[in-house]
Amino acid sequence: MQWLLSFLLFLLSGLIVLASTAWTSEEPIDHQYARLGATTVVLPCPVPEGRSRVAWKNHMSSETALDGVQPDGSLVLQNASLAQEGEYRCQDASTGQTLRRIRLRLGYPPKKPSIHCRSISYPVVNCSWTLESDTLLPTSFFASYRHGLMGDVHQCKQLVAESHSCSLAGLQMFSTDPYMLNVTAVNPLGSASDYFLIFLDQIIQPDPPENVMVSPIQGKKKTLLVQWKPPSSWLYPEYFPLQYIIRYSRDGSRFSRTTRPIEQTSFTLTGIRSGVTYHIQVAAKDFLDNGEYSAWSLPASGASWQPD
């Protein structure tokens, strides 16, 4: 956790004292963050020894001094609103020398992330999360996991720190102890964490079957042959077979029927109406009935054989 504490201290450290003699695009600028809606926001200014008067201006009123300057040279903004975001500068009132430039950003600290995990194939686990509301500020996420309560902590792989998802690798498939994923959201105004318990047999949900095909059977007027392939993302079908259900409906009908689970990747649909087009989809689930069925496949359509 030392890296997380260091990152938080860096974000929350506030401002670095920088000075310049003119307000130009090349000047260094400090970044200050405050909560949107705060009663007061204080922008500090380093007043040189022997000088007592400073003036504050911003990008919207570069020629007019702002009200709210305090005896110590700081500027106090009331009832922080998005209209007050932007660049500010404090100047020596006598010489016009720029003492500090600040870019003010307003927003909110993050709330606990809402986490969801899914496994599309043993032993791969992908997790994602969302925040209840937009913080309006740059927010990073740090995700880690461990096996049980005493296991070593591992980083959950993210593409970048701002990603809202990560992948877990090297999980023990038949362990009765859950994996614990912790996600921490961090921005310049604070941080919030939550966790998710991962039981592989509960979160398994394959992708939909692929290449669904519907074909007539020669000489059979009330029969259709349905064929498909397992999802390509299901890594080890020879060790972890899938079961399937088929949903079918007549063209123009709002009603559909669903078959019982089967293990094969083909099914003969019987008792249908001759010459009528049927729309058919297939869903997959772990053979041991763990987890959930996949979403339905893309539909395929066809009609039974008709004599010439």
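**View 1. Arg118, at a relative accessible area of 25%, is partly exposed.** Here buried means under 20% relative accessible area, exposed means over 50%, and partly exposed lies in between (1.4 Å probe, protein chains only). The model is predicted: local features need pLDDT of at least 70, side-chain atom pairs count only at pLDDT 80 or more, and totals for chains, interfaces and linings use all residues. Residues are numbered from 1 along each chain as its sequence is written, and side-chain values use heavy atoms, with hydrogens and water left out. Arg118 meets Asp207 in a salt bridge, 2.9 Å from N to O. Arg118 sits in strand β7 and Asp207 in the loop between α2 (200-203) and β14, so the bridge ties together parts 89 residues apart in sequence. Asp207 is partly exposed too, with a relative accessible area of 22%. A salt bridge is a side-chain nitrogen of Lys or Arg within 4 Å of a carboxyl oxygen of Asp or Glu. The structure holds six of them.

**View 2. Cys117 and Cys127 form a disulfide.** The term covers a pair of cysteine sulfur atoms within 2.5 Å. A disulfide is a covalent bond between the sulfur atoms of two cysteines. The sulfur atoms of Cys117 and Cys127 are 2.0 Å apart. The torsion about their S-S bond is about 110 degrees, so the link is right-handed. Cys117 belongs to strand β7 (residues 114-121) and Cys127 to strand β8 (residues 124-130), so the bond ties together parts ten residues apart in sequence. Both cysteines are buried. Helices (H or I, at least four residues) and strands (E, at least two) are DSSP runs, numbered from the N terminus. The chain has two helices and 20 strands.

**View 3. Cys45 is bonded to Cys90 in a disulfide.** Their sulfur atoms lie 2.0 Å apart. The torsion about the S-S bond of Cys45 and Cys90 is about 80 degrees, so this disulfide is right-handed. Cys45 lies in the loop between β2 (40-43) and β3 (54-58), and Cys90 lies in strand β5, so the pair ties together parts 45 residues apart in sequence. Cys45 counts as buried at 9% relative accessibility. Cys90 counts as buried at 0%.

**View 4. Cys156 and Cys166 are joined by a disulfide.** The S to S distance is 2.1 Å. With 85 degrees about the S-S bond, the link of Cys156 and Cys166 is right-handed. Cys156 is in the loop between β10 (154-155) and β11 (165-168), and Cys166 is in strand β11, so the bond ties together parts ten residues apart in sequence. Cys156 is buried at 0% relative accessibility, and Cys166 is buried at 3%. The disulfide count comes to three. With the bonded cysteines numbered in sequence order, the pairing is 1-2, 3-4, 5-6.

**View 5. Glu85 and Arg105 meet in a salt bridge.** The N to O distance is 3.8 Å. The pair links distant parts of the chain, 20 residues apart: Glu85 in the loop between β4 and β5, Arg105 in strand β6 (residues 98-107). Glu85 is partly exposed at 23% relative accessible area, as is Arg105 at 27%. Glu87, Arg101 and Arg103 are linked in a network of salt bridges.

**View 6. Strands β14 and β15 run antiparallel.** Six bridges join β14 (residues 210-217) to β15 (residues 220-229). Two strands pair if DSSP finds at least two bridges between them. Ile217 has Lys220 in β15 as its bridge partner. The hairpin has two residues between its strands, and Gly219 takes a positive phi near 85 degrees.

**View 7. Four strands form an open sheet in the order β17-β16-β19-β20.** The pairing is antiparallel. The edges are β17 (257-258) and β20 (300-302); each has a single partner strand, so one side of each is left without a neighbour in the sheet. Strand β19 (residues 278-286) pairs with β20 over three bridges, in the antiparallel sense. His279 stands opposite Ser301 in β20. The side chains of Lys285 and Asp289 meet in a salt bridge, 3.0 Å from N to O. Lys285 counts as buried at 10% relative accessibility, whereas Asp289 counts as partly exposed at 46%.
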